[in-house]
Amino acid sequence: MVDPAVSSTASGQTASEIRSSNLPPVTYRDLPEPLSLKKVVGPSVLLLAGSIGSGEFVLWPYISTQTGMALVWLATIGILTQYFLNMEITRYTLATGETAVTGFTRLWKPWSWLFIIMAVIPWMWPGWATGSSTALTYAFGLSADAVIPITIASLVLIGIILTVSPVVYKTVEKIQFFLVALIVIFMIYIIFGLLTGESWSALVSGFTTEVPDIPAAIGELPIALLLGAIAFAGAGGVMNLAQSNWVRDKGMGMGALLPKIVSPITGEETTGAAIGHFFPQDEANMKRWRGWWRVADREQFLTFFVLGLLAIMLFMMLAYTYLGVGGEAKNFDFVRLLGETLNDKVGSWVGPAFWFTGVVVLLSTNLTVLDMIGRIVADIAKNNWLRDSKAWSESRLYFLVVWLMVLFGSIILLSGVSQPLLLLVIASALNGLVMFVYSVLLIQLNRGMLPRAIGLKGVRFIAILWAVVFYGGFSIYLLIDQFGKLF
């Protein structure tokens, strides 16, 4: 039922539902008209590009070589849980134009700097770039000594591409559409050219007869690796929160009314902070809201969940089929061994094609990571501490963060820490803890602050409660396990 007091509020008045004790108040504006699915496809593609390079291509296939297909249910539950989380992250941005992290700051001011820590610390390890370079050395028969210089060069190249892009989101989207298309082509080849009847039978068994084996399979894996794989069954950690930034810059919902990140060299900057708006819950705006929700949900489900789950299952089956269980391949070496096995059993060109796909997969993830960290940190810094600064626009803050990440990643690599799987496990385990934190905050934000007519309720509320239990349980398990090793 529409609240007449709200529906009669004139445009320009502050929206009392959205808390303003920690940030400036939002004002009422009518919600823009919803767009078609074709015009809004993009944010979930970026999220998919980031997710395939972590759990889908590396961690879950590696797990299948250690435990078989018994844990495919955990991967499925993990990415389904993330689909619901992503839609709650999207909900707040569609309604206000602000990012979810800005919403968290409205709940409690210290979340601003805490989320900068939670964004930077788990993601500053250049595991994806290192993995991409390592796969490149496999594909072209290069020395292992080439990994570090190639990785540093790729980080610098990504930084340059982002810096010269007039509208960064549009450039990143075009690149990721192309890279994801290459990945999908190889996935199609996996289905029709590489998998056997035994492969599909193993997948079915993983979903059915091997369910009782799940506890034993969990016990065979290091808990940090398992938590990391669960967190990265999909995107993982604060990468999911970047969905807000991409939805805003795509112009979806109230995001169409807020400024976008542009190059300080080739773009037209806006120095204002990204403080959002809210819409009166009258009949016209609620109709637009339902339209936006339907199209955003469809884009997220088809692109992120369906394609993401398919990628997990295909790469798990590929590794299981050609490497079996309990082999000697450890760390990132299983990617090399899988390519060599494909050469021997299928054809001399298949291994290089697999490794080249790995290059594309991990490069797309690294592009997403640098873009995501830059967006999240710049958004927080501008809205909280530099709102009135004319010198520091969100765009300039974004590029500062991107280049600091490039610099730090290069320093880490030059210091000798260059094992891709180790770097990925560090990042993913930390991100599992982060996901527990913001699952709780999304309930407070979308159920406690947004009006019930557009807020979190019903089945989706139960799904987010499950996310709290799911990520919280595994995070507590990790802390107990690591604490026990210290004493």
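Is Val238 buried or exposed? At 1% relative accessibility, Val238 counts as buried. The cut-offs I use: buried is under 20% relative accessible area, exposed is over 50%, and partly exposed is in between (1.4 Å probe, protein chains only).

**Ground rules.** I am working on a predicted model, where local features need pLDDT of at least 70, side-chain atom pairs count only at pLDDT 80 or more, and totals for chains, interfaces and linings use all residues. Residues are numbered from 1 along each chain as its sequence is written, and side-chain values use heavy atoms, with hydrogens and water left out.

**Val238, continued.** I placed Val238 in helix α13 (residues 238-250). Helices here are DSSP runs of H or I with at least four residues, strands are runs of E with at least two, and numbering starts from the N terminus. I then listed what Val238 touches, leaving out residues up to four places away in sequence. Among them are Phe115, Met118, Ala119 and Trp123. The list also includes Met372, Ile373, Ile376, Asn431, Val434 and Tyr438. A contact means heavy atoms within 4.5 Å.

**Whole protein.** I counted 19 helices and two strands. Of the 487 residues, 61% count as buried. I also took contacts between residues at least 6 apart in sequence, and 84% of these join residues at least 24 apart. The protein exposes about 18000 Å², and carbon and sulfur atoms supply 67% of that. Accessible areas come from the Shrake-Rupley method with a 1.4 Å probe; for residues, only the protein chains shown count as cover.

**Helix α5.** I went through residues 100-107 and found eight of eight buried. They are Ala100, Val101, Thr102, Gly103, Phe104, Thr105, Arg106 and Leu107.

**Other salt bridges.** My criterion is a side-chain nitrogen of Lys or Arg within 4 Å of a carboxyl oxygen of Asp or Glu. Side chains of opposite charge can pair when their charged atoms come close. A search of the whole structure gave eleven salt bridges.

I looked at Arg288 with Glu33, where the closest N and O atoms are 2.9 Å apart. This pair links distant parts of the chain: Arg288 is in helix α14, Glu33 is in the loop between β1 (27-28) and α2 (37-40), and they are 255 residues apart. Arg288 is buried at 17% relative accessibility, whereas Glu33 is exposed at 52%.

Next came Glu340 with Arg336, at 3.1 Å between the closest N and O atoms. Both lie in helix α15 (residues 333-345), four residues apart, about one turn of the helix. Both count as partly exposed: Glu340 at 31%, Arg336 at 29%. I also noted a network in which salt bridges that share partners join Arg248, Asp249, Asp371, Arg375, Asp379 and Glu394.

**Surface patches.** Patch residues have over 30% relative accessible area and no salt bridge; like charges are joined within 9 Å, and nonpolar side chains (Val, Leu, Ile, Met, Phe, Trp, Tyr) within 5 Å. Lys and Arg count as positive, Asp and Glu as negative, and His and the chain ends are not counted. The charge is placed at NZ of Lys, CZ of Arg, CG of Asp or CD of Glu.

I found a positive patch formed by Lys287, Arg290, Arg294 and Arg298. Arg294 lies in helix α14 (residues 283-323).

I also found a nonpolar patch of about 480 Å², made by Trp113, Ile117, Ile121, Trp385 and Leu430. Helix α6 (residues 111-123) gives the most to it, with three residues. Ile117 lies in α6 and is partly exposed at 43%.

Thr81 is in helix α4 (residues 72-96) and is buried at 4%. Not counting residues up to four places away in sequence, Thr81 touches Trp466, Ala467, Phe470 and Tyr471. I then turned to Gly473, in helix α19 (residues 458-486). Gly473 is partly exposed at 38%. Its C-alpha is 8.8 Å from that of Phe436, 37 residues apart along the chain.
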